[in-house]
Amino acid sequence: MYMVYWTVYHNGHSAAHAKPFDTKDMVPAMAFMEQLRARQRAGEGVRFITMVSEHPDSVGHPGVDVTGPDYDWKKRRR
């Protein structure tokens, strides 16, 4: 799944917006972002245009986890 976020500034006020896209719709999401950027280039108060993704079938939890006492990874340098 993809989510496009952007903020619109108007008369000193800001409003945050979001639009979801299905996992198979990356190209439409990027096209929508380009439409927002075109509005920004035209002088509208559109800012902070960004896209994030989250896979619905992810195996683990997102983020960093604590390692156990048996964790012994070392970077090998030659």
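I call a residue buried under 20% relative accessible area, exposed over 50% and partly exposed in between, using a 1.4 Å probe and protein chains only. By that rule Arg 41, with a relative accessible area of 59%, is exposed.

**Ground rules.** I am working on a predicted model, where local features need pLDDT of at least 70, side-chain atom pairs count only at pLDDT 80 or more, and totals for chains, interfaces and linings use all residues. Residues are numbered from 1 along each chain as its sequence is written, and side-chain values use heavy atoms, with hydrogens and water left out.

**Salt bridges.** I looked for a side-chain nitrogen of Lys or Arg within 4 Å of a carboxyl oxygen of Asp or Glu. The search of the whole structure gave 3 salt bridges.

Arg 41 pairs with Glu 34 at 2.6 Å, N to O. Glu 34 is partly exposed, at 37% relative accessible area.

Next I noted Arg 39 with Glu 44, at 3.0 Å from N to O. Arg 39 has 32% relative accessibility, so I list it as partly exposed. Glu 44 is also partly exposed because its value is 37%.

Then I checked Lys 24 and Asp 22, whose closest N and O atoms are 3.4 Å apart. Lys 24 is exposed at 68% relative accessibility. Asp 22 is partly exposed at 40%.

**Aromatic pairs.** I paired rings of Phe, Tyr and Trp (its six-membered ring) if their centres lie within 6.5 Å; planes under 30 degrees apart are stacked, over 60 edge-to-face, and the rest tilted. The structure holds 3 such pairs. I wrote down two, including the pair of Trp 6 and Phe 32: the centres are 5.2 Å apart and the planes are at 70°, so this pair is edge-to-face.

For location I used DSSP runs, numbered from the N terminus: helices are H or I of at least four residues, strands E of at least two. Trp 6 sits in strand β1 (residues 2–10) and Phe 32 in helix α1 (residues 26–41), so the pair ties together parts 26 residues apart in sequence. Both residues, Trp 6 and Phe 32, are buried.

I then turned to Phe 21 and Phe 32. Their ring centres are 6.0 Å apart with planes at 50°, so I log the pair as tilted. Phe 21 belongs to strand β2 (residues 13–21), so its pairing with Phe 32 of helix α1 ties together parts 11 residues apart in sequence. Phe 21 is buried, as is Phe 32. Ring pairs join Trp 6, Phe 21 and Phe 32 in a cluster.

**Charge over a ring.** My cut-offs were NZ of Lys or CZ of Arg within 6 Å of the ring centre and within 35 degrees of the ring normal. Lys 19 lies over the face of Phe 32, 4.4 Å from the ring centre.
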